[in-house]
There are 2 protein chains.
Amino acid sequence: MSKEFSFDEIDILKLFRNDKTSTSFLNGIGDDAAVIKIKNQKLAVSCDSQVNNVHFKFEFSTISQIAFRAVSVALSDLAAMGANPLFFTNSLHIPKGFSKRDITLTKKGFTDAEKRFNIQLIGGNIASSKVFAIDVTVIGSLDNYIPRGSLKDEKIYVSGNIGSANAGLNLLKMKKVDKQLVEKYRTPIPKVELAKRLSSKGFLSSMIDITDGLAIDLERLVKFKRKTLGAQIEWSMIPKSLNLEKYFSNKKIFEMVLFGGDDYELLFTIKKNKQKSFEDYVKNNNLSVFEIGTTNTTGNICISKNSKVIKIKNGGYVHKF
Amino acid sequence: MSKEFSFDEIDILKLFRNDKTSTSFLNGIGDDAAVIKIKNQKLAVSCDSQVNNVHFKFEFSTISQIAFRAVSVALSDLAAMGANPLFFTNSLHIPKGFSKRDITLTKKGFTDAEKRFNIQLIGGNIASSKVFAIDVTVIGSLDNYIPRGSLKDEKIYVSGNIGSANAGLNLLKMKKVDKQLVEKYRTPIPKVELAKRLSSKGFLSSMIDITDGLAIDLERLVKFKRKTLGAQIEWSMIPKSLNLEKYFSNKKIFEMVLFGGDDYELLFTIKKNKQKSFEDYVKNNNLSVFEIGTTNTTGNICISKNSKVIKIKNGGYVHKF
């Protein structure tokens with residue numbers, strides 16, 4: 001949302017990425033969550049920031065919703081690792097004018113998240129600042145670590161409707177209300193249980209959560225290990241809320257679905273030799289997952305729509321600094 | 001440093017403190033670090049924020065020093081638990097105008113901390129904000145958890161000079177330089193190894209790190225479990241840098257030592273039945289620890305100076321919001 005800077009998050013990540021892994025730090029910087037090992041117990045750790053007027057606005061959400069969302073968003077990174085979330089800490093940056101009631105409402109958002117996700121707030125820190133912000137760090141146990149490594153000709157799936165959260169945000173800006181879409185933006189529910197099941201069964205070759213937009217996160221997913229990999233997805237196969245058409249043009253819907261972000265749905269690829277057992281498992285357990293395309297070796301991310309193939313550039317939402 | 005608010009950190013802590021402990025969360029909110037248990041492995045987790053113009057100023061420290069200090073300060077909470085620090089994450093809040101070089105220098109501060117403390121940066125998050133801030137979360141293993149529980153008539157110790165860091169900050173404000181004092185403010189080195197040794201030997205009844213000032217942290221230490229406990233310390237026994245007298249009046253030195261804060265030294269009490277073996281251990285291992293007083297049941301925190309006894313009120317540095 002803020003594009004004042006001359007370099008972006010990917011550039012910054014490169015600066016940090018040189019960090020080596022070790023026998024106790026298994027995946028290196030750049031994955032959704034860090035995977036560490038302490039005395040044979042694998043843990044996944046991730047942190048995420050919510051900054052006023054960058055990641056949220058008080059006019060669009062209550063303080064409790066903002067606090068809840070701060071936990072959700074951090075948790076989504078653990079979901080993407082197939083981890084079992086256990087604990088979180090928070091750092092609050094509190095501006096002048098914040099009342100005790102505001103703090104109580106912030107706490108309520110954390111308590112709601114504790115109940116909803118069966119996790120526990122274990123501590124935090126409170127600092128004075130000119131800008132209200134919440135930094136959440138989540139910690140979970142990890143029994144089945146999936147190193148990101150899609151191969152060619154693997155099927156690509158998502159776990160639910162794409163574009164709804166961004167539609168909800170746009171509706172709030174337009175001062176319109178559609179409960180389903182707006183809630184998907186305000187209080188996203190990461191698919192933790194689904195992710196745990198899929199990773200425990202060994203189906204996955206790679207998984208990510210959709211944060212910055214389907215297009216950019218798909219690129220991150222398939223190119224994480226191999227720059228030569230690409231993907232082609234089919235517009236009609238991407239699950240979308242029917243409500244989108246009530247409020248937005250086709251062009252806008254296309255943009256929101258591909259580049260909107262804030263979905264916090266899972267995006268994953270299935271190992272070729274597990275495809276059949278995955279399909280059986282999905283059917284037998286009535287799981288909500290949606291095939292949207294296939295990986296390939298073109299090195300490009302493409303989408304087919306009405307029999308036309310469109311190449312997607314780095315148009316997804318990248319945090320600009 | 002910011003006193004614009006009508007309530008303070010202690011009030012806020014009370015709101016959060018109701019949180020229950022559980023079999024996997026051993027100490028409840030309010031301790032220096034959270035103690036959690038994952039499959040029989042105890043871990044200590046703590047987070048700390050450094051916000052521009054609240055916790056540091058660019059005119060007093062380089063960006064690398066600020067980043068190093070952000071890790072130090074968070075690590076000091078782990079030291080206070082006797083934990084073995086292993087990993088840390090950071091959330092960076094970056095304002096407009098920050099250059100790539102600034103980010104590289106921030107990263108250098110983290111790398112310096114990794115080397116100095118033998119810990120590993122495992123991940124982070126970068127957000128745009130109007131205010132530069134660094135939130136660090138540290139994770140360590142914990143073999144000997146010391147629940148805070150001083151009893152009466154126990155001896156009180158500190159691990160090094162008190163007041164130096166605050167003196168260093170004051171000198172920077174006065175545009176004077178004294179390398180030793182200024183470094184103690186800019187790049188504090190938490191006493192992690194000492195803390196680990198003391199806790200592994202079972203000497204400690206309670207320990208805390210001095211963050212907000214000797215007086216207020218002494219009160220937190222002795223009253224954590226029992227509000228009826230008190231302490232009396234002796235001014236002449238508190239270790240202080242001789243350099244303080246070069247720059248400051250006796251009155252100012254008294255204030256800096258008792259209420260200055262930013263010391264990041266350990267403050268602890270020794271179990272009565274371990275006092276003799278502790279003294280032997282200190283002597284045999286040539287450890288740098290300093291007895292400064294004794295706990296009692298007066299419910300007050302007092303200091304004797306030139307044979308006068310002064311009762312200390314809540315005058316220590318408490319973050320005001």
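Me: Which residue in β5(A) is the bridge partner of A:Pro85?
Reply: A:Gly140. Keep in mind that this is a predicted model.

Me: How do β3 and β5 of chain A run, and how many bridges join them?
Reply: They run antiparallel. Nine bridges link β3 (residues 84–94) to β5 (residues 133–141).

Me: What's the strand order in that sheet of chain A?
Reply: β1-β2-β5-β3-β4. The sheet is open, has five strands and shows mixed pairing.

Me: Which strands does helix α3 of chain A lie across?
Reply: β3, β4 and β5 of chain A. Its angle to β3(A) is about 170 degrees.

Me: Switching to the interface. What area is buried between chain B and chain A?
Reply: About 5,600 Å², with 67% from carbon and sulfur atoms. On chain B's side, B:Phe16, B:Ile126 and B:Ser128 supply 11% of the area buried against chain A, more than any other three residues.

Me: How many residues does each chain put into the contact?
Reply: 68 from chain B and 68 from chain A.

Me: How many salt bridges cross it?
Reply: Two. One of them pairs the side chains of B:Asp143 and A:Lys39, at 3.3 Å from N to O.

Me: And how many residue pairs are in polar contact?
Reply: Nine between chain B and chain A.

Me: Which element of chain B gives the most to the side touching chain A?
Reply: β4(B), with nine residues. By class, that side of chain B has 31 nonpolar, 22 polar and 15 charged residues.

Note on methods: Residues are numbered from 1 along each chain as its sequence is written. Chains are lettered from A and ligands numbered from 1 in the order in which they are written. This is a predicted model: local features need pLDDT of at least 70, side-chain atom pairs count only at pLDDT 80 or more; totals for chains, interfaces and linings use all residues. Side-chain values use heavy atoms; hydrogens and water are left out. Two strands pair if DSSP finds at least two bridges between them. Helices (H or I, at least four residues) and strands (E, at least two) are DSSP runs, numbered from the N terminus. Contact means heavy atoms within 4.5 Å. Axes are lines fitted to C-alpha atoms, for helices over the stretch in contact, and angles run from 0 to 180 degrees between N-to-C directions. Buried area is the accessible area (1.4 Å probe) that two parts lose on being put together, summed over both. A salt bridge is a side-chain nitrogen of Lys or Arg within 4 Å of a carboxyl oxygen of Asp or Glu. A polar contact is a pair of N or O atoms within 3.5 Å; within protein, one must be able to donate a hydrogen and the other to accept it, and residues adjacent in sequence count only if both atoms are side-chain atoms. Ala, Val, Leu, Ile, Met, Phe, Trp, Tyr, Cys and Pro count as nonpolar, Asp, Glu, Lys and Arg as charged, and the others, Gly among them, as polar.
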